Amino acid sequence: MNLRAPSLIALAGLSTLALAACSGPAAGSDASAAPTAEGEAFTVVATTTQVADFTRELTDGLNVEVTQLLQPGMSAHSFEPTPADLVALGSADLVVSSGAGLEEWLDAAVSSSGYAGEVVDASADVTLSGSHEHDHGEEAHAEEGHDHAEGEEHDHAEGDEHAHAEETTAGADEHAEGNPHTWTSPANAKLMATEIATHLEELPGIDAAAVQANADAYDAELTELDTWIAANVDAVPEADRVVVTNHDALHYYLEQYGITFVGSIMPSFDDSAEPSAAEIDALIAEIKEHDVKAIFTETQLSPQNAETIAAQTGAKVFSGDKALATDALGEPGTPTGTYVGATVHNTQMIIESWGATATDVPEVLAQQ
């Protein structure tokens, strides 16, 4: 996940190029100054597909250009910025990151680009939990019998009694505070969108009232998404709510909805990690013990390991069009091209893996 030494050298060498190309206010002393030319757009650089989508929702109808560094199908864990990315960073009015230690390459990239402004940590208000040193078969949620009362957010991060919140990460793991895949929970997505909106509203000259109106509308969509997911998950017997994935990317989603995380093929947050033979054997044993019917691959990963394990357990592999969109959203205009669309898709696939069918998607979500 860390930039390798050659990459750091390359970034340093490219800093002159990036600085020379920087004409935006972020390269100067006042990094958040408003555009000076009439009709000139604000420029926001967002790191991941998810925070880029949040930012577009919040700036809908405004004169804001959003540039996302990671493209559909890319993994944030192994990403390396290009010269064009450095130029975009250097000329930005604002940079938005997912945070929680996900983009370990970002500090070096920002330094090399010459960007002098603020880097928004969208996860600033998210309560982190989880550890890649998970025990297979543990419950991933904080509370039994989770209550989805009307009007409440279904965020069980506070008061987490689960062992994930108590564990410390061993070895060279960079995410000592918790799992960095914060956006997978709609409750967390609400917090992240709110954090981004707060910083957008502070850009001098931007229509802050319009940003807030967009934020309110998007918050309502995420509430509808949460309600729909909770109703579908709660309709399935608790004993059947089990999930196995390629890597540990769904922690907050599973935690929010009371779903048991049996395990992942890669025993890490990093989707470029490789499991040992002993870890594969342990996962196979857990799959058999919990009678897991499906193994989920993810859109940015090969299904090869999942297929090997499925051959020994009888589980069905969800890959291709049925793969989960976790670390990256899909192409624009596809069902997984937005955060809401991807989360609906993931939920439909998970419900299907349990032998059930998700209810019709509410109209406000189907439009995404």
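At what angle do the axes of α9 and helix α10 cross, and within what distance do they come? In this predicted model, the two axes come within 10 Å and cross at roughly 50°, an angle that makes α9 oblique to α10. The crossing of these two helices is right-handed. On the side of α9, the contact is made by Ile280, Leu283, Ile284, Ile287 and Lys288, and on the side of α10, which spans residues 304-313, by Ile309, Gln312 and Thr313. Sorted by class, the residues of the contact of α9 with α10 comprise five nonpolar, two polar and one charged.

The chain as a whole provides the setting for this pair. Its secondary structure comes to twelve helices and eight strands, and 55% of its 368 residues count as buried. Among the contacts between residues at least 6 apart in sequence, 73% join residues that are at least 24 apart.

A further helix pair is formed by α2, covering residues 49-58, and α6, covering residues 186-201, which pack at an angle of about 60° with their axes 10 Å apart. That angle makes α2 oblique to α6, and the crossing of the two is right-handed. In the contact, Val51, Phe54, Thr55 and Leu58 of α2 meet Ala189, Met192, Ala193, Ile196, Ala197 and Leu200 of α6. By class, the contact of α2 with α6 has nine nonpolar residues, one polar residue and no charged residues.

Helices α3 (residues 83-90) and α4 (residues 106-113) also pack against each other, with their axes 8 Å apart and an angle of about 70° between them. Because angles of 65 to 115 degrees count as roughly perpendicular, α3 and α4 are described in that way. Their contact is made by Leu86, Leu89 and Gly90 of α3 together with Ala109, Val110, Ser112 and Ser113 of α4. The residues of this contact divide into four nonpolar and three polar, with no charged residue among them.

The largest nonpolar core holds 70 residues, of which Phe54 and Tyr339 touch the most other members. Helix α7, running over residues 208-234, gives the most to this core, with nine residues. When residues up to four places away in sequence are not counted, Phe54 touches Trp183, Ala189, Met192, Ile196, Tyr218 and Tyr339. Phe54 is also one of the residues through which α2 meets α6, and Ala189, Met192 and Ile196 are among the residues of α6 in that contact. A second, separate core consists of 15 residues and includes Val262, Ile287, Ala306 and Ala310. Of these, Ile287 is also one of the α9 residues in the contact with α10.

Two residues stand out for their backbone geometry, given that most residues other than glycine have a negative phi. Ala100, a residue other than glycine, has a positive phi near 60°; Ala100 is found in the loop between β3 (94-97) and α4. With a relative accessible area of 17%, Ala100 is buried, because buried means under 20%. Asp291 likewise is not a glycine and has a positive phi, here of about 55°, and its place is in the loop between α9 and β7 (294-296). Asp291 is partly exposed, with a relative accessible area of 49%.

Gly101 is found in the loop between β3 and α4 and, at 37% relative accessibility, counts as partly exposed. The C-alpha atoms of Gly101 and Pro180 are separated by 6.2 Å, although the two residues are 79 residues apart along the chain. Ser268 lies in the loop between β6 (260-266) and α9 (277-289), where its relative accessible area of 12% places Ser268 among the buried residues. The C-alpha atom of Ser268 is separated by 9.6 Å from that of Asn246, a residue 22 residues apart from Ser268 along the chain.

Notes:
Residues are numbered from 1 along each chain as its sequence is written. This is a predicted model: local features need pLDDT of at least 70, side-chain atom pairs count only at pLDDT 80 or more; totals for chains, interfaces and linings use all residues. Side-chain values use heavy atoms; hydrogens and water are left out. Helices (H or I, at least four residues) and strands (E, at least two) are DSSP runs, numbered from the N terminus. Buried means under 20% relative accessible area, exposed over 50%, partly exposed in between (1.4 Å probe, protein chains only). Axes are lines fitted to C-alpha atoms, for helices over the stretch in contact, and angles run from 0 to 180 degrees between N-to-C directions. Angles under 35 degrees count as roughly parallel, over 145 as roughly antiparallel, 65 to 115 as roughly perpendicular and the rest as oblique. Contact means heavy atoms within 4.5 Å. Ala, Val, Leu, Ile, Met, Phe, Trp, Tyr, Cys and Pro count as nonpolar, Asp, Glu, Lys and Arg as charged, and the others, Gly among them, as polar. A nonpolar core is a set of buried Ala, Val, Leu, Ile, Met, Phe, Trp, Tyr and Cys residues joined through side-chain atoms within 4.5 Å. A crossing is left-handed if the near helix is turned anticlockwise from the far one by less than a right angle, and right-handed if clockwise.
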